[in-house]
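Please work through each task before reading its solution.

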Amino acid sequence: MGLPTHTAQNGNGSLDTGNARLKELGYKQELKRDLSVFSNFAFSFSIISVLTGITTLYNTGLNFGGPVSLQYGWFIAGGFTMIVGLSMAEICSSYPTSGGLYYWSAKLAGPNWAPFASWITGWFNIVGQWAVTTSVDFSLAQLIQVIILLSTGGKNGGGYEASKYVVIAIHGGILLLHAALNSLPISVLSFFGQLAAAWNLIGVLVLMILIPLVATERASAKFVFTHFNTDNGDGINSKAYIFVLGLLMSQYTLTGYDASAHMTEETKNADKNGPKGIISAIGISVIFGWFYILGITFAVTNISSLLSEDNDAGGYAIAEIFYQAFKGRYGTGVGGIICLGVVAVAIFFCGMSSVTSNSRMVYAFSRDGAMPLSSLWHKVNNQEVPINAVWLSAVISFCMALTYLGSEVAFQAMVSIATIGLYIAYALPIFFRVTLARKSFIPGPFNLGRYGVLVGWIAVLWVATISILFSLPVTYPITNETLNYTPVAVGGLLILTISSWILWARHWFKGPITNVES
């Protein structure tokens, strides 16, 4: 289209285009640039991890709308997520830095608004990422607890039910492993990231075929594609309202693809390959996620039984589906437990990649002086790993999970930032791109041409819509225990971010700081 691209040369020939652009933006190359386009894609794909999100929130989809919400809600959320991803990819191509979203906001909001735009975007992004790591690793701890329960006889056979303190201890152990793995060189993490992507792809294909094949009873195609479950037991009768609540599973799953942006300073030709990582991770996740939903839903014959806390899996729907499929066919649920192990490994990889993305965001944000003790968090070791940022991310994610010991309601409210908070961080730079920077934005090699502004507005409006929808009550009548605290958590984060800006940060934070001479 004749639009400008970012290239540079040195005396030895062409530089890596991402490296050259990073220097143009005013940053030294401190991290090792060793990731291929597939490795970049693999990090985002393994964080999206359809096996993680769908398995964890399949109960929500079944309860609110059932098969119709699961099937069609997935494509609605997937389509709009791709629109958000396309807008992010276009900006990523122009600004391929580890800071990602907050750096984009600073550049797109203009000099007058840059510090504030960068501050609010950065904190929503970083807290949202910590909430994602918390929820992913906590969901793995819960799944391990269910695997132990089923392995010891199930709830109806005297199986071991772990206390919440045991679950928290498991969660801490998982985070410890993830921090240790993320202390290794990026070349090792790249291998694990690619393994994670392959594991998710193969795992989906195996489970979507195996589970309905083994099940002695299968749902009809009519049930899978047309049945709408209104028997939610939560006092909600409106089909439209129920369908909207069922979307939560899909939208929660399709998050985390900003990892491709945060890994750009370690990706070869990042101004081209970073955007490819974002778009391909979303697109392939939507396709394979639907395969997984389709295959599992064909094994659903009794929704109320799957959601009952009195079943062998204690109400964990997918665990009960797997367990009963094998038990019904072979008289033992061992095969189902092994299948749950496949999912558990995928969730483990998801959490590992999430910590990787967290640490790069912490590294970049502290490099620009936005965090307390910034000089400590942006240090890299002799293997070019931001080691302190890695361990900080693990510790904060563990502390966030401790709210579970006090109140499950408080924990769920905090985790809600993982979806809404993170999407607000996605939408802010897009909003600045279609408003303040509408005429001044200079695209990179990947761009949407004349459709960039239109796609950007659709993305912003979608984020505004889901922010409202997911703040609606999910149970009636509303009490202290049933109130949806999502707006409280997200609103609290907004108040803290703005207050800290007014009272403190506006006096010293100037936005992204270059560390090379122009």
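Predicted model: local features only at pLDDT ≥ 70, side-chain atom pairs only at ≥ 80, totals over all residues.

**Exercise 1. Helix packing**

Task: Determine how α4 and α21 are oriented to each other, and which residues meet in their contact.

Solution. 
- Step 1. Two packed helices are described by the angle between their axes and the distance between the axes.
- Step 2. Helix α4 spans residues 67–94 and helix α21 residues 452–469; they pack at an angle of about 130°, and their axes are 9 Å apart.
- Step 3. Angles over 145 degrees count as roughly antiparallel and those from 65 to 115 as roughly perpendicular. The two helices, α4 and α21, are therefore oblique to each other.
- Step 4. The crossing in which α4 passes α21 is left-handed.
- Step 5. From α4, the residues I76, A77, F80, I83, V84, L86, S87 and E90 take part in the contact; their counterparts in α21 are G452, V455, G456, I458, A459, W462 and V463.
- Step 6. By class, the residues of this contact comprise 11 nonpolar, three polar and one charged.

**Exercise 2. Aromatic pairs**

Task: Classify the ring pair of F80 and W462, and then the pair of Y257 and Y426.

Solution. 
- Step 1. Rings pair if their centres lie within 6.5 Å. The count for the model comes to 28 aromatic pairs.
- Step 2. For F80 and W462, the ring centres are 4.2 Å apart and the planes stand at 10°. Planes under 30 degrees apart count as stacked, so the F80 and W462 pair is stacked.
- Step 3. F80 belongs to helix α4 and W462 to helix α21, so this pair ties together parts that are 382 residues apart in sequence.
- Step 4. Buried means under 20% relative accessible area. W462, at 9%, therefore counts as buried, whereas F80, at 30%, is partly exposed.
- Step 5. In the pair of Y257 and Y426, the distance is 5.0 Å centre to centre and the angle between the planes is 45°; this pair is tilted.
- Step 6. Y257 lies in the loop between α10 (239–253) and α11 (259–262), and Y426 lies in helix α20 (residues 420–434), so the pair ties together parts that are 169 residues apart in sequence. Both Y257 and Y426 are buried.
- Step 7. Ring pairs also link a cluster made up of Y102, W113, F116, W119, W123, F365, W501, W504, W508 and F509.

**Exercise 3. The surroundings of N63**

Task: Is N63 buried or exposed, and which residues does N63 touch?

Solution. 
- Step 1. N63 is placed in helix α3, which covers residues 50–63.
- Step 2. The relative accessibility of N63 is 14%, so this residue counts as buried.
- Step 3. Leaving aside residues up to four places away in sequence, N63 touches N229, D231, N232, D234 and L307.

**Exercise 4. Backbone geometry in loops**

Task: Describe the peptide bond from Y476 to P477, and the phi angles of S49 and N269.

Solution. 
- Step 1. The bond from Y476 to P477 is cis, with omega near -5°. P477 is located in the loop between α21 and α22 (486–503).
- Step 2. S49 is a residue other than glycine with a positive phi, near 35°. The loop between α2 (37–48) and α3 contains S49, and this residue is buried at a relative accessible area of 1%.
- Step 3. N269, also a residue other than glycine, has a positive phi near 45°. N269 occurs in the loop between α11 and α12 (270–297), where its relative accessible area of 29% makes it partly exposed.

Technical notes
Residues numbered from 1 in each chain as written. Heavy atoms only, no water. Axes fitted to C-alpha atoms, helices over the stretch in contact; angles between N-to-C directions. Helix = DSSP H or I, 4+ residues; strand = E, 2+ residues; numbered from the N terminus. Parallel < 35°, antiparallel > 145°, perpendicular 65-115°, else oblique. Left-handed = near helix turned anticlockwise from the far one by under 90°. Contact = heavy atoms within 4.5 Å. Nonpolar A, V, L, I, M, F, W, Y, C, P; charged D, E, K, R; others polar. Phe/Tyr/Trp six-rings, centres within 6.5 Å; stacked < 30°, edge-to-face > 60°. Buried < 20%, exposed > 50% of the residue type's maximum accessible area, 1.4 Å probe, protein only.
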